[in-house]
Amino acid sequence: MTGRSITVEDVPALLAGAEFFSTSAAGEGIEFAGFWLEDILARTGPVELVTADELDPDTPCAAVGAMGSTVAMAELPPSGEEPLALARSLGGRFGAPLGAIMPLNAASVNALHPVAAAAVLGLPLIDCDGMGRVFPLIHQTTYELAGLSLSPLAVVSAGNDSLLLDTGSARAEQIARSIAQAAGGWLLCGMYRTRVGLLREAAIHGSMSRTLEVGRLLREHASDGATAQALAGDPPWPEVASWPPHARPGDGESSRRGTAPHEHLLRDLMAATGATVLGGGRVVELGPSTRQAGTVYPGNPTSMVVHDHDSGRLIRLEAHNELVLALADGALTAAVPDLLCLLDRGTLRMTGPERLTVGDQVDALCVPAAPVWHSVHGLGLGGPGAFGFPLRHPRQEGR
Amino acid sequence: MKRAGRPSEQLTVDELVRYGPLGHAEMLVGENLARPVSRVALISDLDQVRHCGPGTAVVLSRGLALGAWAVESALRLAWERSAACLVSPAVVGLDQATAQLARRMRLPVFVVTGDTAACALDLAAAIASPEAARARLAARCAELFAERSNARGIVGVINSEVPGVTAALVAPDGHVLAGQASVDRAEHRVQVDVPGPDGRRWAELVAATAGPSSPTWAETVLLILRLARGPLAASVARERLEAVHGAERGRAALRALFAPPDPGPAAQAEPAGRDRGDEGRAVLEEALGWRVDGRHVAVFLRSGTPLDTAATGPGVISAWQEVIDDLPLVPWETGWASWWTGEEIEVEQVASALRRHLARMRSPIPLSAGVGRVAEGPEGLRESLSQAMLAAGVTVRDGPGTVRSFDELGFRVLLASLSQPELVGSARMVLADLLSAPDGPVLVATLAALLDCANSTSQAAARLGVHRNTVLGRLERIRARGVDPDRPDQRLALHLACYALLPEVS
């Protein structure tokens, strides 16, 4: 035991980090979950965050995560009792209660649900996840790649309907999505019931810590920006969001040091996540794109083009809710499963196609996915082909 | 889809746009069109672009209509392989950013709304035999030339059938006879001379290409222009022939209309005269579409120098028809007659209209005109025409383009009759001394001006446009030749002699 825990104070950072790893789209409108989690943690006390190695390898554990629409979830928020039903279903099925919780993915609203589940169930939370980002389908996980079984899938709906589904992974996803639609728009799921010992190969370790760390970075920079702006007596951030970068107030001290705040933040994010900056500049085009044939993904295909300020390159980003591809001057430079995200230079917050308009200034980042995602199976499950794009991942080019 | 042959035989992207296969596609980016196209590749998988050689026309199949990203990916790969152009199906979101990228890469991009596979086939057929494609275009033009009967139609064929080319038929003086006037200002032009009916250069057929064209394309355009040359010459000959024929018919009809009553037996004189007049009128009204009844103002056009009206006639008549197509122009005696008809027609109105038209007319010979009085019916028309002819006889002295009415000239119209050969001969004899001077004609003109101005040297100087001292000097020389304009008994004769000689000396 390291004695690390997630407390009420950690929630804002967790939320900011969850937004970063949500690949620019799925993090939209998850603020409600922050207040909700704060309430739960205030009631239950902190959640213990442990590494898989710290637990007995035989400890039964399961992944917790929500599927469906975050908008629906904001309108019909979870009561907090849902994890109890999940634990009951899975415990009853296997004849042994759960000993630990692991996140399905430590990103977007799903970075918060496992914390709430661990808190409500009084269980430790394993510092790992199965995606390292957001994927649209619940079986697009490293757990799946390692051969863990998704089912039985325990689901609880907004209306407290409870179900235990015994079927194959892809089918479970398909059926559960229909149920989600019928039962209020979202489901909390308990799946990949396994033993901690098997997570060594199957999980992406340190995901929760990484989300928290990135969240703290973003919070720090946001408050630095706010302080500098308060000292300068400038208007609040939202009003300056669309200002051209050179004339933006709040550059104050940092411009005197020769670095714009967004460059400072980018440097820190690159150090923390191993991200690379694909380019940054003005959004010059934003509109609907073509739905790729034969795909079943929820969400709308969108395409946007960022004109890279320094190189003059045109960076096209294809989004399918999540950002899927980045092409620089027509050449594929980044693609799923690597995480693509956009930083709004004005607000120093992560942003996405739904919040952007033509003319906004953004930086496009690419955070490399966990190595297992770059394997042949990994790319098959979460690569461009899985999203209907007949392209080879940049890492496959040499193969 | 492979081609064979020398590189010079390859069609360029530009030509593929002109010849059709790409002519119907939307050109998203038209950069670098001069590149030769060596082959066509129909791509159904982006990876296939990697196997395309330089100069390939990359055609994306419908299956790749996956979004702007797919087109941009193909664009990038095509650029890396030095492809000639990219043809894409219509795709949602294919917009400015894609066009901007293509412009940066200087790679032409076309968007086809229909089936790109069909477009690829057409392209392959064109590329496989460039000569055939060029010949097909030329043959189509030749076929259409044969169907057109006038210059406008023939030039129109080039403008509509040869994409990217605008053509015009331009007269030696720069006047555009048919086609698009903008051709004259175009930077890149191809031209051929067009012979007239006499075999000499009559006009120039000019074609302007949108940009600097490849040598082969320029050759093709030149071939088409040459093909148009024969039909154009034939059409102008036909027009001339029609003009001469029309003029002769007009002259005959007018003569019939103005014919005096038959001087035959008294009993038959009246009806016969009416018959002939009626007959002429019927021809005028029905066959030629002229109006002989109503209020007329006749005009008469003539040149200062005696000319063969039969030779210059067609040119004058076609120039007249270019500016006034609803009024007849009939060769009549020493010039050409016409008339305005209308219930409220006025002489001044006609004179100013005629002045305007004369200025615009591109007549082969300098013309001036006289205008008669307002008159009723065919009889009045004849009288009005006689007046116009008299007035025209005066205006030729005032230089080309002058229009005067009979009333405006007053008694001076009488002077128009002074150019009778006998009078002219006598005048030449009387003024022989003056004419023998080195500047004889100038002295005669100066003497005429002095007499016109009642011997006022300053007025005569103003009229002649010279300094008064010049007039004084000339007067000295006139007197030195034994001519004294101050002698009242000689004055009228002298004045008449001067007027008789004026057409010759001016």
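## Helices α2 and α5 of chain A

In this predicted model, helix α2 of chain A covers residues 31–44 and helix α5 of chain A covers residues 113–121. Their axes come within 10 Å and cross at roughly 25°. Angles under 35 degrees count as roughly parallel, so α2(A) and α5(A) are roughly parallel to each other. Their crossing is left-handed.

Which residues of α2(A) and α5(A) make the contact? From α2(A) come A:L37, A:I40, A:L41 and A:T44. From α5(A) come A:V115, A:A116, A:A119 and A:V120. By class, seven are nonpolar and one is polar. None is charged.

The spacing along a helix has a simple basis. An α-helix has 3.6 residues a turn, so residues three or four places apart point the same way.

## Helices α5 and α7 of chain B

Chain B has a helix pair of its own to look at. Helix α5 of chain B spans residues 130–147, and helix α7 of chain B spans residues 215–258. They pack at an angle of about 20°, with their axes 10 Å apart. That angle makes α5(B) roughly parallel to α7(B). The crossing of α5(B) and α7(B) is right-handed.

On the α5(B) side, the contact uses B:R134, B:L137, B:A138, B:C141, B:A142, B:F145 and B:A146. On the α7(B) side, B:T220, B:L223, B:I224, B:L227, B:A228 and B:P231 take part. Sorted by class, the contact has 11 nonpolar residues, one polar and one charged.

## Helix α2 of chain B

Helix α2 of chain B runs over residues 68–80, with 13 residues in total. From first C-alpha to last, α2(B) reaches 18 Å. That is close to the 18 Å expected at 1.5 Å a residue.

Is α2(B) mostly buried or exposed? Of its 13 residues, 12 are buried, so α2(B) is largely enclosed by the rest of the structure. Among the buried residues are B:W69, B:E72, B:R76 and B:W79. After the helix comes B:S82, whose phi is positive, near 60°.

## Where chain B touches chain A

How many residues of each chain are in contact? Chain B has 19 residues in contact with 20 residues of chain A. On the chain B side, two elements give two or more residues: α2 and α3 (96–105). Helix α2(B) gives the most, with six residues.

The side of chain B that touches chain A has 10 nonpolar, five polar and four charged residues.

How values were computed: Residues are numbered from 1 along each chain as its sequence is written. Chains are lettered from A and ligands numbered from 1 in the order in which they are written. This is a predicted model: local features need pLDDT of at least 70, side-chain atom pairs count only at pLDDT 80 or more; totals for chains, interfaces and linings use all residues. Axes are lines fitted to C-alpha atoms, for helices over the stretch in contact, and angles run from 0 to 180 degrees between N-to-C directions. Helices (H or I, at least four residues) and strands (E, at least two) are DSSP runs, numbered from the N terminus. Angles under 35 degrees count as roughly parallel, over 145 as roughly antiparallel, 65 to 115 as roughly perpendicular and the rest as oblique. A crossing is left-handed if the near helix is turned anticlockwise from the far one by less than a right angle, and right-handed if clockwise. Two residues are in contact if their C-beta atoms, placed from the backbone, lie within 7 Å. Ala, Val, Leu, Ile, Met, Phe, Trp, Tyr, Cys and Pro count as nonpolar, Asp, Glu, Lys and Arg as charged, and the others, Gly among them, as polar. The expected span of a helix is 1.5 Å times one less than its number of residues. A residue is buried if 20 or more other C-beta atoms lie within 10 Å of its own, exposed if 12 or fewer, and partly exposed in between; C-beta atoms are placed from the backbone.
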